[in-house]
Amino acid sequence: MTTRREHKKIFIIAEAGVNHNGSIERAEQMIYAAKEAGADAVKFQTFRTECMISRFAPKAEYQKARTGREENQRDMVKKLELSFDAFRFLKRAADKAGILFLSTPFELESICFLESLGMPLWKIPSGEITNLPYLERIAATKKPILLSTGMCEMDEIRNAVRLFENYGLGKEMLTLLHCTTEYPTPEEDVNLRVIPEFQREFGTDVGYSDHTLGIEIPIAAAALGANVIEKHFTLDKALEGPDHRASLDADELAEMVKAVRKTEAALGDGIKKPSECERQNRIAARKSIVAMTRIRRGEVLTEQNITVKRPGNGISPMKWYEVLGTTAERDYEKDERIESGGER
């Protein structure tokens, strides 16, 4: 049996990633765009290319389609790398703008650097979920974790969750992010029903990291109970680079944030009761027992002289059989509500 989950404000991450194309100026602009769009956090990716990718690593097919086949993956990614000093600057810019600064580390050196910046939580990318030294280094910081699960089998997720538990991180410290690692992700490969399945299996908060085109799928994820929504965005979809095509522009990001917030408001608390706006309509929409014809005092109330009509400010039709067979305690004109019945 599942218990009622705590309803939390959906945490919306504007994923800048590497869509700055190696430009600190563009990265700074993306911070302001994320803030303007209404996101809770703006997130980048921190890495030392040589520590992350070997010179023999090929590109993924989607990367080849966006950036060509001539260079290898390491050469492509090197052009997207920002220095640690750049991230110090971007952290200050985000603090000044009033938006939470996050960045995903992709190797151990970057974990140590981001820890020195006071990273409040970690986003672990899908590709690192089987990287034991990486997971252990993150777990040792004892900070909340967003764990992306793209490309994963369930046992791989269970192993990672068990590792964090062994480091003393309770379920309240972990959010699993459902994800499909393809850019863009076809709708038929999204499988949003994983969200409630994760909630049942792991008992953690569950979010969704989206790589589809458009904003519809993140909205659906919010409706299914995602506590976190992460979405890539760019300042210009026409820029060269691996992720721009699967990203929203700034206006679309703002539209997504508004739609997710509307969905969040519509979800409510799951307790069925009349809403405040409904209460004023109950009298107008419901019905009461009324006189079908003129009725004289002392006359027996039967199906031939009483009926049910709006408004609902009299005796409820649910008491129909309690009223039938009693006697009228006064005269009634047609359509007057029956106030009470006398003796049978």
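Predicted model: local features only at pLDDT ≥ 70, side-chain atom pairs only at ≥ 80, totals over all residues.
I started with the aromatic cluster, which is made up of Phe44, Phe87 and Phe101. My pairing rule: rings of Phe, Tyr and Trp (its six-membered ring) pair if their centres lie within 6.5 Å, with planes under 30 degrees apart called stacked, over 60 edge-to-face and the rest tilted. Residues are numbered from 1 along each chain as its sequence is written, and side-chain values use heavy atoms, with hydrogens and water left out.

**Aromatic pairs**

I searched the whole structure and got five aromatic pairs. Phenylalanine 47 and phenylalanine 106 make an edge-to-face pair, 6.2 Å centre to centre with 90° between the planes. That pair links distant parts of the chain, 59 residues apart: phenylalanine 47 is in the loop between strand E2 (41-46) and helix H2 (49-52), and phenylalanine 106 is in the loop between strand E3 (100-105) and H6. I take helices (H or I, at least four residues) and strands (E, at least two) as DSSP runs, numbered from the N terminus. Buried or exposed? I looked up phenylalanine 47 and phenylalanine 106, and both are buried. My cut-offs are under 20% relative accessible area for buried, over 50% for exposed and partly exposed in between (1.4 Å probe, protein chains only).

Next I checked phenylalanine 198 and phenylalanine 202. Their ring centres are 5.8 Å apart and their planes are at 75°, so I logged the pair as edge-to-face. They are four residues apart in helix H9 (residues 194-202), which means about one helical turn separates them. Phenylalanine 198 and phenylalanine 202 are buried.

**H5 against H6**

Helix H5 (residues 84-97) packs on helix H6 (residues 108-116) at about 35°, and the axes are 11 Å apart. From H5, Phe84, Phe87 and Arg88 meet Glu109, Ser110 and Phe113 of H6; contact here means heavy atoms within 4.5 Å.

Phe84 turned up again: the charged end of arginine 48 sits over the ring of phenylalanine 84, 4.1 Å from its centre. For that I need NZ of Lys or CZ of Arg within 6 Å of the ring centre and within 35 degrees of the ring normal.

**H7 against H8**

Helix H7 (residues 132-139) and helix H8 (residues 154-166) pack at about 40°, with axes 10 Å apart. Leu132, Leu135, Glu136 and Ala139 in H7 meet Ala160, Leu163 and Phe164 in H8.

**A glutamate in E1**

I then looked up glutamate 15, which lies in strand E1 (residues 11-17). Its relative accessibility is 2%, so glutamate 15 counts as buried. Leaving out residues up to four places away in sequence, glutamate 15 touches Lys43, Phe44, Gln45, Glu230, Lys231, His232 and Phe233.

Asparagine 21 has a positive phi of about 55° although it is not a glycine. Asparagine 21 is partly exposed, at 22% relative accessible area. Asparagine 191 has a positive phi of about 60° and is partly exposed at 47%.

Conventions:
Axes fitted to C-alpha atoms, helices over the stretch in contact; angles between N-to-C directions.
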